[in-house]
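Subject: Handing over a structure

Hello,

Here is the structure for you to take over. Please look through it, then read my notes below.

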Amino acid sequence: MNRSIKIRPLVYLMAAATLGITSCKKENSAASTTTTTDEPATSTTIAVAASSTLRSTDSLYILHPCPRGAIRVSIAAVDLPAGITAYLAANYSGYIFNKAYAVKDSTGAVLGYVAVIYYNDKPVGMAFDSNGNFLKVLEQREKGDLNGKGWHHGGHFEGRGGIFKDTVSLNSLPATVTAYYAGTYPTDTLIKAFTNRDNSYLVLSKNDGLFASLFDANGSFVKRIELPSKPAIYRVMDLTSVPAAIGTYLKTSYPNYILKKAFALSLGGTLKAYVVVIDANDTKYALEFDATGTFVRVKTLF
């Protein structure tokens, strides 16, 4: 059963109650030494600003599945298990901590954790089990989309419905981008390009490996990241041909993700792996799967 957490503002409490979603209860024990916030005693979402530079404006809501009768306890970053801290450092280098929770059952036993961070100025919410192992990136929605399909025309996440066309023709890239490749990586083969919500450009290319490069709105180079891959021949796949096992993993670990590009990696005529690039709540990820569609590793891009 999906239930979720809300931080603020209080004005939304009455509206949230009409959603009919059961949620965690906040721990109010006077004996608790855990740092708490001024959030409502019951709530249905984690409200966050769309940008780390606009934290005073709660405009996005992170959905969090929570067992019936569970107690939510706000905790500091230092109270997160070491495994979670290590995971965040490895996968979101340079992130900004925002908030975290321990989710407990009625006996006080920890069921899991939730961490909310900002990465590249965008919020990312994640759920972890009681041992600190990653479970999923939590879906985000706008207030008006908390029920239903989770997006609307002209909204922040309209790309989930295939409405927001972010693909850019390679011939339409700014001259500064093509000049950068010609001068710095002349043997790169450009594969696909996208525009981001801030008008920056994401370009996928291959050159003895797969790469994602970020350029700002003016076409100036920002960063280049190698996608998780291995020595192989890279074949671009039709997005509808991605193995079902990969789709199942993505649906479970990155709810409401958008599949941007997929590659099949072969060596000596034998399929070795798959690499897919997805968008999950405006953050891009590249994931590697073996030939059977079993998850191998992930790399956060931008």
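Some terms come up throughout. Helices (H or I, at least four residues) and strands (E, at least two) are DSSP runs, numbered from the N terminus. Residues are numbered from 1 along each chain as its sequence is written. This is a predicted model: local features need pLDDT of at least 70, side-chain atom pairs count only at pLDDT 80 or more, and totals for chains, interfaces and linings use all residues, while side-chain values use heavy atoms, with hydrogens and water left out.

Confidence
pLDDT is the predictor's confidence in each residue, from 0 to 100. The chain averages 84, and 83% of the residues score at least 70. Strand E8 (residues 134-137) has the highest confidence in the chain, at 98. Helix H1 (residues 13-17) has the lowest, at a mean of 29.

The pocket
A pocket is found on a 1 Å grid over the protein atoms alone: it is an open set of points where a 1.4 Å probe fits, with protein on both sides within 12 Å along at least five of seven lines, and lining residues have an atom within 4 Å of a point. The largest pocket has a volume of about 780 Å³ (the space filled by probe spheres set on the points, which are joined across faces, edges and corners). Of its 38 lining residues, the closest to the centre are Asn-196, Arg-197, Asp-279, Asp-282 and Lys-284. Strands E7 (122-129), E11 (189-195), E14 (221-226), E16 and E17 each supply at least two residues of the lining. The lining divides into 14 nonpolar, 11 polar and 13 charged residues (Ala, Val, Leu, Ile, Met, Phe, Trp, Tyr, Cys and Pro count as nonpolar, Asp, Glu, Lys and Arg as charged, and the others, Gly among them, as polar).

The sheets
Two strands pair if DSSP finds at least two bridges between them. Five strands form an open, antiparallel sheet in the order E15-E16-E17-E18-E19. E15 (233-236) and E19 (295-300) stand at the edges with a single partner strand each, so one side of each has no neighbour in the sheet. E16 (residues 258-267) and E17 (residues 270-280) pair over 9 bridges. Asp-279 in E17 is the bridge partner of Ile-258. Asp-279 is also among the residues closest to the pocket centre.

Another open sheet has 3 strands in the order E2-E3-E9, again with antiparallel pairing. In E3, Leu-60 is the bridge partner of Val-48.

Best wishes
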